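Colleague: Before I use this model, I would like to go through some of its labels. Please set each one against its rule.

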Amino acid sequence: MKFENLLSEVREANLSYLMLARQMIVEDKAEATFRLGIDTDLADMIASLSSGQLLKIASSNMLMCRFRFDDRVVWDLITSHSQERETGMSSVHAAILLGSRSLETVQ
Amino acid sequence: MSAAKTPKSVLGEATQIRLASELARMGARLQVLESETTLSRERLLRLYKEINGESPPKGMLPFSTDWFLTWQPNIHSSLFLGSYKHLAGHCKLPRAEALVRAYRLYLEQTKAFHLEDKLSITRAWILVRYVDSGMLGTTPCCECGGHFVTHRDDLNDGFVCGLCNVPSRAGKTRAKAEMA
């Protein structure tokens, strides 16, 4: 991938992520914070972004979303192809772990 | 008499009916509806029949805390309680609303993972009551760190969850054997 392409892909990903997040929060804040793994203060901040601010954040050269499966256990669970006794059990395990995590907060 | 003292709010009643019908549609027993709304038993009974087309099942609700600690129910309960605690605790939603929404999220997840929903809305409600009254709580598994439903007064030092340490007969139900 050419460098310019890469940058525009990053921006596009940022923009769709932020727009989706904002839309989810506006529609149902409680559920959105659960799905996004963020706390309500951060949700309020995202929801109050103007379109101009949103575009500005999105046009960064860095991705504005982050991997949630950043630990070994969750990673192994969601990538496991092993036939577990109960199909879907590793997905449930991963879901319980993600639900038990602390939320992304604004400091 | 009490109705004369505080005039009934039509909007408030509409909210109550919406909540009761949502619970009834999810298959909640009448006791749950009675406890979570202020509507009269007669109205709830009529509402239940209108929604489900039949009279609600009679008899006592299951009351054992042990059910929530057996292997498969424990996983389902822990999955549900994770979202309930987020909605009721972090988002500060009222109990009934958090219950309905967390249960909806639970159904969404079991569907995505192609699992049978082992936890009924009535059981979910009972679980919430046990947690509120301090009989059940959650303990982080010392291997994976996930929060799982446990007895509050058990010694939970070095607790390992049922998914990190799967018991040998776990999941081998009669239904599974017949399917094979």
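Predicted model: local features only at pLDDT ≥ 70, side-chain atom pairs only at ≥ 80, totals over all residues.

Colleague: Why is the pair B:Arg104 and A:Glu31 called a salt bridge?

Modeller: The side chains of B:Arg104 and A:Glu31 meet at 3.9 Å, N to O. The rule asks for a side-chain nitrogen of Lys or Arg within 4 Å of a carboxyl oxygen of Asp or Glu, so the pair qualifies. Across the interface of chain A and chain B, 3 salt bridges are found by this rule.

Colleague: How many residue pairs are in polar contact between chain A and chain B?

Modeller: The count is 6, with both residues at pLDDT 80 or more. On the side of chain A that touches chain B, H2 and H6 of chain A each give two or more residues. H6(A) gives the most, with 8 residues.

Colleague: What makes up the area buried between chain A and chain B?

Modeller: Carbon and sulfur atoms give 66% of about 2,300 Å². The contact takes 23 residues from chain A and 35 residues from chain B.

Colleague: Which residues are closest to the centre of the largest pocket?

Modeller: The pocket has a volume of about 1,300 Å³. Of its 46 lining residues, A:Arg35, A:Leu36, A:Gly37, A:Ile38 and A:Arg68 are the closest to the centre. Elements of both chains give two or more residues to the lining, including helix H2 (29-36) of chain A and helix H5 (71-90) of chain B.

Colleague: How does the lining of the largest pocket divide by class?

Modeller: It has 25 nonpolar, 13 polar and 8 charged residues.

Methods. Residues numbered from 1 in each chain as written. Chains lettered and ligands numbered in written order. Heavy atoms only, no water. 1 Å grid on protein atoms, 1.4 Å probe; cavity = no way out; pocket = protein on both sides within 12 Å on 5 of 7 lines; lining within 4 Å. Points joined across faces, edges and corners; volume = space filled by probe spheres on them. Helix = DSSP H or I, 4+ residues; strand = E, 2+ residues; numbered from the N terminus. Nonpolar A, V, L, I, M, F, W, Y, C, P; charged D, E, K, R; others polar. Contact = heavy atoms within 4.5 Å. Buried area = accessible area lost by both parts, 1.4 Å probe. Polar contact = N/O pair within 3.5 Å; in protein donor to acceptor, adjacent residues only side chain to side chain.
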